[in-house]
Amino acid sequence: MSAAEKAALEERVKTLGYKTISDYLRALARADIQSATPKAQVKRIPRPLTEYHRTALGSMWNGDSLDWMERREPNSVNLIMTSPPFGLVRKKSYGNEDAHAYCDWFRPFAEGFRKILRDDGSLVIDIGGAWKPGTPTRSLYHFELLIMLCEEYGFHLALEHYWWNPAKLPTPAEWVNVRRVRPKDAVNCVWWLSKTPFPKASNRRVLAPYSESMKSLIKNGYQAKTRPSGHVISEKFGKDNGGSVPPNLLAIANTESTGAYQEYCRDKGLDIHPARFPAALPEYFIRMTTDPGDFVLDPFGGSCVTGAVAEALGRRWACVEMNAAYLEGAMSRFQGTQDCLSAGKPSSYVIHTPCAAAVDEREVPLVADGGAARSQQRDHSSSGDQAGPRVKRVSTKVVKTNTADRAVA
């Protein structure tokens, strides 16, 4: 290889996000091996796909998003924002896939996403975890999905996010409230992926209000110095930039139970989608990764929260949902004035320091068997933040209760 060829290859490797030529060659080898490995080909029969509703900027579709993506032009979607059915071990009413088969089920969608997403676009997947049946241990399916998308389909992990729901009940009940061997599970993983290492984005679009201490620092000034950690804090640290850069822990309570959507469904006798994510979640990624007029897709549309937020933010959009009953309820999101954006509605939540409550360890022995057997003498508090009420009978088939907006797949 000539010096010019090596230089060109090194530039290409850098552009694709690999550290070295060796890393790039290993990735090519893995892709070649995987492509050469025979896979069972299942012929998919296209399903009817109908436009259910259209607005000034977008449309809801009843059908399979695989069929929608098959008709869509390549490189034409700026953001795919979705929450697919989680890989739970117990079936839910809205449909979900078994954890062990989740990656295989997801492959056709990954291929479709890769085809329709623009090179500077983003793929955002909100996905909750699952517990293995009968044990207080976790499935790795959502991590396996992330690795598959990156290693097999060439996506890059722009940044993992964690959606913390402050209102989450202490679940799974069997391990949190009854056997008391696990803390409550209160976060979903949100994978922010891209086709290149450099998707278009700006964190200036998603600023959070300054804390009172930061406001005081800006007002009174800050002495530039080096912290004990070695970080150099310059004079620019005290500049007012309109707000603070948020962390990748997204604190968004999912508490709505009596909004316009629920009332609409109750009045018409419609099923309320049991796993809606709050509007602030898609708003964050729509604002940070797209411009007005860009195209946003939710391939597992559910009750079309993503579409309603995209409409309010001036983005073109499409939501595809297989259950027409959920789309019927979603019609409420496009009637009259919808107040679904976070601006002007700042909220803050307190994360209490663990171990701050006084506990006499002599009076609270560890569960010696790790919760393998139930104790007949558990102390159950009536507080939902602590242990919950005494439970007479709880199945040992424990699964993650999730709160994102998903649809049957």
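In which helix does Asp23 lie? Asp23 lies in helix 2, which covers residues 21–36. Here helices (H or I, at least four residues) and strands (E, at least two) are DSSP runs, numbered from the N terminus. At 25% relative accessibility, Asp23 counts as partly exposed; the scale calls a residue buried under 20% relative accessible area, exposed over 50% and partly exposed in between, using a 1.4 Å probe and protein chains only. Between the C-alpha atoms of Asp23 and Val13, which are 10 residues apart along the chain, the separation is 8.7 Å.

Before going further, please keep in mind that this is a predicted model, in which local features need pLDDT of at least 70 and side-chain atom pairs count only at pLDDT 80 or more, while totals for chains, interfaces and linings use all residues. Residues are numbered from 1 along each chain as its sequence is written, and side-chain values use heavy atoms, with hydrogens and water left out.

Let us step back to the whole chain. The protein chain has 11 helices and 11 strands, and 43% of its 409 residues are buried. Contact means heavy atoms within 4.5 Å. Among contacts between residues at least 6 apart in sequence, 73% join residues at least 24 apart.

Now for the aromatic rings. A pair of aromatic rings is described by the distance of the centres and the angle of the planes. Rings of Phe, Tyr and Trp (its six-membered ring) pair if their centres lie within 6.5 Å; planes under 30 degrees apart count as stacked, over 60 as edge-to-face and the rest as tilted. Searching the whole structure gives 14 aromatic pairs. One of them joins Tyr102 and Trp105, a tilted pair with 5.3 Å centre to centre and 50 degrees between the planes. Both residues belong to helix 4 (residues 102–116), where they sit three residues apart, about one turn of the helix. An α-helix has 3.6 residues a turn, so residues three or four places apart point the same way. Tyr102 and Trp105 are both buried.

Tyr102 has another partner, Tyr141. Their ring centres are 4.9 Å apart and their planes stand at 75 degrees, so this pair is edge-to-face. Because Tyr102 lies in helix 4 and Tyr141 in helix 5 (residues 141–151), the pair ties together parts that are 39 residues apart in sequence. How buried are the two? Tyr102 has a relative accessible area of 0%, and Tyr141 has 1%.

Axes are lines fitted to C-alpha atoms, for helices over the stretch in contact, with angles from 0 to 180 degrees between N-to-C directions. The axes of helix 4 and helix 5 come within 10 Å and cross at roughly 40 degrees. On the helix 4 side, Tyr102, Cys103, Phe106, Arg107 and Ala110 meet Tyr141, Glu144, Leu145, Met148 and Leu149 of helix 5. By class, this contact holds eight nonpolar, no polar and two charged residues, where Ala, Val, Leu, Ile, Met, Phe, Trp, Tyr, Cys and Pro count as nonpolar, Asp, Glu, Lys and Arg as charged, and the others, Gly among them, as polar.

A charge sits over a ring if NZ of Lys or CZ of Arg is within 6 Å of the ring centre and within 35 degrees of the ring normal. The charged end of Arg114 sits over the ring of Phe155, 5.6 Å from its centre, and that of Arg138 sits over the ring of Trp131, 4.8 Å from its centre.

Finally, visit the loops. Pro74 lies in the loop between helix 3 (65–71) and strand 3 (77–82), and it touches Lys115 and Ile116, not counting residues up to four places away in sequence. Pro74 and Ile116 are 42 residues apart in sequence, but 4.3 Å apart in space, C-alpha to C-alpha. Asn75 is in the loop between helix 3 and strand 3; its phi is near 55 degrees, a positive value in a residue other than glycine. Elsewhere, the peptide bond from Thr171 to Pro172 is cis, with omega near 0 degrees, and Pro172 lies in the loop between strand 5 (156–164) and helix 6 (173–178).
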